Structures are given as C-alpha cells and as structure tokens.
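This report examines a protein model together with its ligand. It treats a pocket, the ligand surroundings and the strand pairing in turn.

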Amino acid sequence: MLQIRNLTKQYGKTEAVSDVSFDIDQGEFVSLVGPSGSGKTTILRILSGHLSPTDGTIELRSEDITDTSPQQRPTSQVFQSLALFPHLTVRENVLFPIRLQDRDAQQVDKWLRRVQLDPEEYADKNPAELSGGERQRVALARSLAYEPDILLLDEPLASLDYVLRKELQRELTRLQTKLGRTFVYVTHSLEAAMLLSDRIIVLNQGTIVEQGTPSEIYNQPETRFVADFMGDANIFPISVKSRTNGHIEVISDSLDTEIKLSARSDLASEFTHMVVRHTQCEVRPDPTEATSLAVEIDSIMFKSNNAIVETTSLDGANRYVSEMPYDRVHERGLSEGDECYIQWDPESAILTTE
Ligand code: ADP
C-alpha cells in the first residue's frame, strides 16, 4: 500500500533519517521503535506530509505522494501532546473532521462509543474536565472520525499511567482489528510495540536496524542492539571457535567452558555476542550440567509471581539477571549475598552480530 524509498532528512549537518526504505501493507499495524532521537517522529511527520524529506519518495498505491499536502493525504495523526481544541466540547472536537468532510453529525456518538466513551456522559464536557486517559480517547475518536486509510500515532499513550496504558493498548488492537485500517505507531517502548504490532521496524541513528514480526524481533534478533532493546537480556561477548553441520562452538572470556549451540543456518554472520533472556536463566546453589556461571546474589525483587534475581560474577566484572518463579527462589533458600550459580539451557541462547 505504502512504499517508502530512500527517505533522508537533513537538518543542517544532522541527518535525522538516512536512506530509509520500507513498505506498509493495507490493514497492517506497523510500529516504528527506537531510542530517543532515532528518527521515528521525523519519519511519521514525513508520512503525514507535515515535513518534506531532503531525499526519497513515498508512494501510495503506486502514486507518488511525496509532495502532496497533509490535507490531501489519506492519513490522520494522533500526537503525544494531544491537540484537542480546549474551547470546544468533546462533541465539537469529534465533529470537526466530520463537518470538514460533510458527513452526518450523528457519527460523533458512533466514534465516541468506539473508544468506549458514553456520549451521554461525555459529549458536552470540555477537555479540561476529562482525565488524561479520557482526553486520549477523545483525541483518538477525533482522528478516527477523519476515517483515514492510515492512522499515524506518535507515542499516544506515553503520558498515561501503567493500568490505563494497558487498557488503551488493548483498545487500540481491538479497534484496528475491527476497522481494518492501517496503523503506524511510533514508540520508544519495544514492549508496547510487541503487544500491538503485526510488524516492528527498529530504528537507531536514523537507519533501520532490523524489522520483523514481534516474535522474530524478540526470539531471533540479529543484532546485539535489538536483543538488548527490551532490557531483559544477559549479553556475553563471544568468539566463534568452530562451526560444524548445524552446530557452532563459541567461547567467551566471561565463561569458563566452551559452549555448543545449534547454529542458525540462514546466517553466515560474524557472531560477536551471545544473548540469554532473563527468563531463560535460573539461579541455583549448585552448578548443573547446563551452562552455569558462579555469581553472588545482589538483590531479589518481586515481579508478580516471579522474582528478579540480580547477580554479579565473582570477579565483580559483570552483572547478570534471572527472572524465575518466586517459589523456586524460596525452595532453594536463595538470599542476598549468597554465592551460587546462574544457569541456562545453551539451546536458549541467541547469537547476534554487533
Ligand atoms: P525520535 O522521534 O526517534 O525521538 P526525531 O525524529 O524527533 O527522533 O529526531 C531525530 C533527530 O533529528 C534527532 O537527532 C533530533 O535532534 C533531530 N531533529 C529533529 N527535528 C529537528 C529540527 N526541527 N531541527 C533540527 N534537528 C532536528
């Protein structure tokens, strides 16, 4: 549906976006994810037509829309800093796009209901009388009321508290499935993107690092950058010792033993790191046959039914974390200051490039 080709945006000497190309299919929920300053908002603003690229093209159904004005594009944007008209009621805010398009004013109620706001209760209120989450819903209803082919969302949930954010995330997924529209969602949170998206595009310093389904991005990251982005990875610098039919042997200065792994046959890459998710690691009082590393426990914290066990290698050089069922921490009598072992199944490790 949308083809973005060789998009570049320069601000003086700063290259905010560098030669970025990707496609978006009709009805897809695509997230642009990356740290602050990675070029996400710049790309979104170029898609909406509010910003011109220095170079590159955007095609919509094979038609070049690079220079088309925002008003003439089939896009609508929900911003983080919600731009509701403060002097208009909720009804008038949502009515705005409906009037612009000469459609039936009755549609306001429909859009309010779609975002789970009862028109009877909310339509006559002013934005100042609403909570953050309610305002966010009105902003969403107003953007949807444009009936855009493509909805562009720039961190729309960033300012909300955890419970509300989760609730609105569920609602966004529900809405997108129901309406079958194309959503492009910008966020610095890979976790949010994983929950919502069909496809994730990870950006860093204005370029695409990787793209794939949430499962591909999480379970088979190709780069250390993407593996580390979720913040739940233990990362070991490694070098490859040998490769034999389907197996790869790696060594790491952080580990005493050589480790044999099943290699990903599709990648002939120069692997530089081994990644093991916190949830794949357990802490035990004794070493096991699986890969294990002597550590000292720094702290044990709760995370619902799990415990986050933070440890340091005995030479004090590296920190490793395990997220394991709290019951097991209790059964094994683990406590802060203990010397024990952090352990994982070698098959759960992922090899990445830099
Ligand atoms: P993100 O949305 O990922 O946080 P942005 O797209 O906002 O990133 O910014 C990408 C880079 O471009 C940053 O280095 C930022 O400082 C720079 N940048 C963005 N807008 C402007 C501007 N109007 N003038 C100069 N530099 C800008």
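**The second largest pocket**

The second largest pocket has a volume of about 240 Å³, a volume being the space filled by probe spheres set on grid points joined across faces, edges and corners. A pocket is an open set of points on a 1 Å grid over the protein atoms alone, where a 1.4 Å probe fits, with protein on both sides within 12 Å along at least five of seven lines; lining residues have an atom within 4 Å of a point. The model is predicted: local features need pLDDT of at least 70, side-chain atom pairs count only at pLDDT 80 or more, and totals for chains, interfaces and linings use all residues. Residues are numbered from 1 along each chain as its sequence is written, and side-chain values use heavy atoms, with hydrogens and water left out.

The lining of this pocket consists of Y162, S189, L190, E191, F229, M230, D232, H278, T279, K303, I308 and E323. By class, five of the lining residues are nonpolar, three polar and four charged. Here Ala, Val, Leu, Ile, Met, Phe, Trp, Tyr, Cys and Pro count as nonpolar, Asp, Glu, Lys and Arg as charged, and the others, Gly among them, as polar.

**Surroundings of the ligand**

Polar contacts are pairs of N or O atoms within 3.5 Å. A polar backbone atom of G37 is 2.7 Å from an oxygen atom of the ligand. For S38, a backbone N or O atom lies 3.0 Å from a ligand oxygen atom, and a polar backbone atom of G39 is 3.0 Å from an oxygen atom of the ligand. The protein covers 58% of the 560 Å² of accessible area that the ligand has on its own, by the Shrake-Rupley method with a 1.4 Å probe.

**Strand pairing**

An open sheet of four strands has the order β2-β1-β4-β5, with antiparallel pairing; strands pair if DSSP finds at least two bridges between them. β2 (14-24) and β5 (63-64) stand at the edges with a single partner strand each, so one side of each is left without a neighbour in the sheet. Five bridges join β1 (residues 2-11) to β4 (residues 55-60), and I4 has I58 in β4 as its bridge partner.

Strands β12 (residues 239-244) and β13 (residues 247-251) run antiparallel, joined by five bridges. T244 stands opposite H247 in β13. The two strands form a hairpin with two residues between them, and G246 in the turn has a positive phi of about 85°.

Key
Polar contact = N/O pair within 3.5 Å; in protein donor to acceptor, adjacent residues only side chain to side chain.
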